[in-house]
Amino acid sequence: MRSLKLVILSVIIVVTACVPPEVSKTAAPVLGQLKVGFDIDDTILFSRDNFLKAPHMSDDPDHVDFGWVNTHDSLYSVTIQPIAELIKYLRAGGHKVYFITARPGINGEAVGRYLSHELGFPVVLNENLFFSAKKKDPVSGHRFTTKHERISKLGLHIFYGDSDTDMIAASIAGIRGVRVVRDARSVEAYSRNYFGDTRSASGPKAPYAEEDYQKFLSNSVGPYGETIYPIYFGEPVTRD
Ligand SMILES: [Mg+2]
């Protein structure tokens with residue numbers, strides 16, 4: 001009986017030794033290297049004009065033709081230089097940079113080509129550029145961000161974005177969210193999902209007015225406790 005147990009044990013040891021160790025699908029973290037994520041619209045690109053010119057698929061103002069938008073940044077979007085400088089600084093220090101946008105991914109490669117041209121390094125779909133559209137809860141009808149799923153998969157440490165949902169995604173993923181202050185012209189055109197909606201009449205979904213937003217700015221802390229990163233850049237020149 002004892003020898004039988006020994007044989008079984010030996011077989012288990014041999015079989016275990018023959019099983020290859022599980023290979024991690026993601027690269028091992030590099031000591032001290034940050035993985036930093038950036039939203040695209042109103043974070044690295046001032047894309048208001050691209051959206052204003054985009055064809056619509058229906059009368060719904062939100063039903064934009066994203067296949068068109070994703071191929072027209074080179075004509076109508078402008079790179080926000082303070083963020084481009086920040087990205088350059090991070091990469092010079094050996095840190096890794098990723099982009100996560102809630103735009104639907106139709107013709108997404110074109111966004112990668114444009115960002116590569118503007119930033120001077122390859123921005124490649126599903127390598128360091130990810131499309132992470134919102135999902136609608138079938139019961140409540142609310143549309144929720146899915147960016148936290150990608151943030152977690154990539155193991156990011158910091159996420160920069162302009163919208164409330166960027167800060168929510170960072171919080172759910174358990175990382176530092178940094179609010180990039182949206183250009184005033186974008187706030188004028190698209191005030192929703194920005195401190196609630198500072199341009200809307202006060203209500204449960206829009207508790208903050210313009211003066212509250214200024215208070216957040218002056219304290220460098222947003223409503224979710226996030227760091228505020230104000231950006232100021234000159235009048236953009238669109239190429240149409
Ligand atoms: Mg944005």
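In helix 8, the buried residues are Asp164, Thr165, Asp166, Met167, Ala169 and Ala170; buried means under 20% relative accessible area, exposed over 50% and partly exposed in between, with a 1.4 Å probe and protein chains only. Helices (H or I, at least four residues) and strands (E, at least two) are DSSP runs, numbered from the N terminus. An α-helix has 3.6 residues a turn, so residues three or four places apart point the same way. The cover over the buried residues of helix 8 includes helix 7 (147-154), strand 8 and strand 9 (176-180). After helix 8 comes glycine 174, with a positive phi near 80 degrees.

This is a predicted model, in which local features need pLDDT of at least 70, side-chain atom pairs count only at pLDDT 80 or more, and totals for chains, interfaces and linings use all residues. Residues are numbered from 1 along each chain as its sequence is written, and side-chain values use heavy atoms, with hydrogens and water left out. The chain has a mean pLDDT (the predictor's confidence in each residue, from 0 to 100) of 89, and 85% of its residues reach 70 or more. Where pLDDT is low, the predicted coordinates should not be read in detail.

Which residues coordinate the magnesium ion? They are Asp39 (OD), Asp41 (O) and Asp162 (OD), at 2.1 to 2.2 Å. Donors are N, O and S atoms within 2.8 Å of the metal (3.2 Å for Na, K and Ca); water is not among the atoms, so sites may look incomplete. Aspartate 39 lies in the loop between strand 1 (35-38) and strand 2 (45-46), and aspartate 162 in the loop between strand 8 (158-161) and helix 8 (164-173), so the pair ties together parts that are 123 residues apart in sequence. Aspartate 39 is buried at 5% relative accessible area, and aspartate 162 is buried at 3%.

The loop between strand 1 and strand 2 also holds aspartate 42, which is buried at 9%. Its phi is positive, near 65 degrees, in a residue other than glycine. Most residues other than glycine have a negative phi.

Another loop, between helix 6 (108-119) and strand 5 (129-131), contains asparagine 128. Asparagine 128 is buried, at 12%, and its side chain reaches the backbone nitrogen of valine 124 at 2.6 Å. Asparagine 126 lies in the loop between helix 6 and strand 5 but is exposed, at 54%.

Conventions: Contact = heavy atoms within 4.5 Å. Polar contact = N/O pair within 3.5 Å; in protein donor to acceptor, adjacent residues only side chain to side chain.
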